[in-house]
Amino acid sequence: MCKRMNTQPTTQHPVRKIALAYSMLGLGDILTWNIVNNWLTYFYLSANTLVPASLFSALMFFNGFVGVAIALPIGYWSDRVHSRWGRRLPFLFVTALPRLILFILLWTPPVKTESLRNVLYLGIIVLTHEIMSGLHQIPNKALLPEITRTDQERVRVSAWAEAFIMVGVAVGSLAGLLIERLGYAPTAVIYAGLSLPLFYLPLFTLREPPYQHTARPEQISFRQSLSLTFSNRAFRSMTAIHALITSSVTLVQIMFPFIVTQILGLTVGDTTYFYMSGLIASLACYPLVIWLSERFGKRQVFAGSLIGATLVLLGLLLLGDWLPGSLLLPGILWVILEALTVSGATVLQAAFIAEIVSQDARQRGQHQEGTYYATLDFVDRIVYAIAGALPAVLLLLGRSVADPQGARGIRMAGVLGSLLTLIALLIFRRYSLQQPQPVVEQNV
């Protein structure tokens with residue numbers, strides 16, 4: 001029979017084992033998310049259109065709206081579940097398989113040509129998939145502050161998780177080759193098969209400590225839960241910093257193909273070298289981030305990372321045909337420096353947030369992990385929508401008679417990305433971990 005873990009999970013499971021298990025969940029998540037994000041639009045709107053473009057856009061907009069709307073209720077719900085396995089793990093166990101089945105069904109429309117039947121089918125499947133993904137992802141993210149207890153553990157687990165995400169991005173980049181040879185549905189089956197053990201095997205290792213059930217969450221309504229979350233000044237500051245960093249990174253990643261072809265004068269195929277260079281640099285940097293954080297403290301490393309990213313992103317202005325020889329090596333060097341400098345910020349922001357959430361639970365006696373991470377998910381969805389629209393605006397602003405491809409707009413992406421990280425740095429300079437007041441219970 002299974003016995004509950006004690007209040008210090010690391011005494012029975014080393015940090016490395018916990019980090020590996022938690023990172024596997026993230027790897028399974030990114031494998032399927034990448035395929036949907038990169039290929040779903042192309043699948044339905046390519047030469048053999050399966051759904052009218054206007055209706056497809058309407059479906060995706062509505063789907064995104066639903067995703068935003070359900071995030072906070074899911075977080076609140078997961079904070080208040082009582083089971084022998086804890087609050088988060090039941091969500092992960094129940095939703096993993098349905099989520100993967102729905103992922104496969106996305107690529108099996110009933111008609112092979114444009115049809116309203118496909119519209120109805122896609123609408124049902126994509127919406128159900130969005131709901132199931134939210135029910136899986138938000139409790140998953142809320143596990144981090146519950147399975148770690150110290151700064152060292154948070155930094156290590158965050159670094160492992162970020163490294164596994166990068167591996168997932170690399171594996172996901174192979175989808176195009178598989179689609180070309182096997183088709184969309186068989187490729188989806190392969191990636192779902194890879195994700196299935198990644199979703200379930202960690203559940204044999206990860207456990208939620210029993211002291212998390214000492215609070216009385218039933219006394220806190222949904223409205224009060226949100227009020228407590230947004231009243232945490234440290235969380236508000238780190239959420240703003242997180243949104244700025246995510247916007248900067250997303251904007252530059254979207255502009256990579258334009259940078260490679262329009263600024264550096266290379267081919268679309270050359271973008272592979274840039275993506276892989278950034279990936280390898282990031283993976284190599286994560287152990288360094290751990291070591292530096294343990295030696296100098298995560299606050300100093302985080303600030304240094306933001307300073308470096310701010311300067312390196314401005315370096316995009318220095319790349320151009322005025323440099324001698326091929327621009328392949330200077331371009332790759334810029335990508336490597338960008339990946340190295342921003343890695344500290346992307347890893348450590350997760351550790352800061354976990355620290356905030358853990359302290360809030362200790363001080364207030366109410367566990368709001370699900371609500372906190374649902375709020376981050378809510379912000380992320382808004383950020384991705386805005387960051388996805390910015391490249392088109394920059395390209396339009398950068399066009400002229402002498403520069404019809406908008407190269408000036410592409411360079412502006414580096415300036416804007418640098419400005420975003422600079423603002424994040426300025427906010428972080430005033431950041432301090434708030435000491436929240438205990439909840440005052442009211443008799444109704």
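Student: At what angle do helix 12 and helix 15 cross, and how close do their axes come?
Tutor: This is a predicted model. In it, the axes of helix 12 (residues 298-314) and helix 15 (residues 407-429) cross at roughly 160° and come within 8 Å. Angles over 145 degrees count as roughly antiparallel, and helix 12 and helix 15 are therefore roughly antiparallel to each other.

Student: Which hand does the crossing of helix 12 and helix 15 have?
Tutor: Helix 12 passes helix 15 in a left-handed crossing.

Student: And which residues make that contact?
Tutor: On helix 12, they include Phe302, Leu306, Thr310 and Leu313. On helix 15, Gly414, Gly417, Thr421, Leu425 and Phe428 are among them. By class, the contact of helix 12 with helix 15 has 12 nonpolar, five polar and two charged residues.

Student: Now helix 6. What is its angle with helix 11?
Tutor: About 180°, with the axes of helix 6 and helix 11 (residues 271-296) 10 Å apart. Helix 6 and helix 11 are therefore roughly antiparallel to each other.

Student: Which residues meet there?
Tutor: From helix 6, Val155, Ala159, Ala163, Met166 and Ala170 are among those in the contact. From helix 11, the contact includes Leu279, Leu283, Tyr286 and Ile290. The contact of helix 6 with helix 11 divides into 10 nonpolar, three polar and three charged residues.

Student: How does helix 6 pack on helix 13?
Tutor: Helix 6 (residues 151-172) and helix 13 (residues 328-364) pack at about 135°, and their axes are 8 Å apart. That angle makes helix 6 oblique to helix 13. The crossing is right-handed.

Student: How many charged residues are in that contact?
Tutor: Five, alongside seven nonpolar and three polar residues in the contact of helix 6 with helix 13. The residues in contact include Asp151, Arg154 and Glu162 of helix 6, and Glu355 and Arg362 of helix 13.

Student: Different topic. How many aromatic pairs are there?
Tutor: The count is 16.

Student: Where do phenylalanine 93 and tyrosine 200 sit in the chain?
Tutor: Phenylalanine 93 is in helix 3 (residues 89-105) and tyrosine 200 is in helix 8 (residues 184-200).

Student: What is the mean pLDDT?
Tutor: The mean is 81, and 87% of the residues reach 70 or more.

Student: Where does pLDDT stay under 50?
Tutor: Over residues 211-218, which have 19 contacts beyond four places in sequence in the model. Residues 435-444 also stay under 50, with 15 such contacts. Where pLDDT is low, the predicted coordinates should not be read in detail.

Terms used:
Residues numbered from 1 in each chain as written. Predicted model: local features only at pLDDT ≥ 70, side-chain atom pairs only at ≥ 80, totals over all residues. Heavy atoms only, no water. pLDDT = per-residue confidence, 0-100. Contact = heavy atoms within 4.5 Å. Axes fitted to C-alpha atoms, helices over the stretch in contact; angles between N-to-C directions. Helix = DSSP H or I, 4+ residues; strand = E, 2+ residues; numbered from the N terminus. Parallel < 35°, antiparallel > 145°, perpendicular 65-115°, else oblique. Left-handed = near helix turned anticlockwise from the far one by under 90°. Nonpolar A, V, L, I, M, F, W, Y, C, P; charged D, E, K, R; others polar. Phe/Tyr/Trp six-rings, centres within 6.5 Å; stacked < 30°, edge-to-face > 60°.
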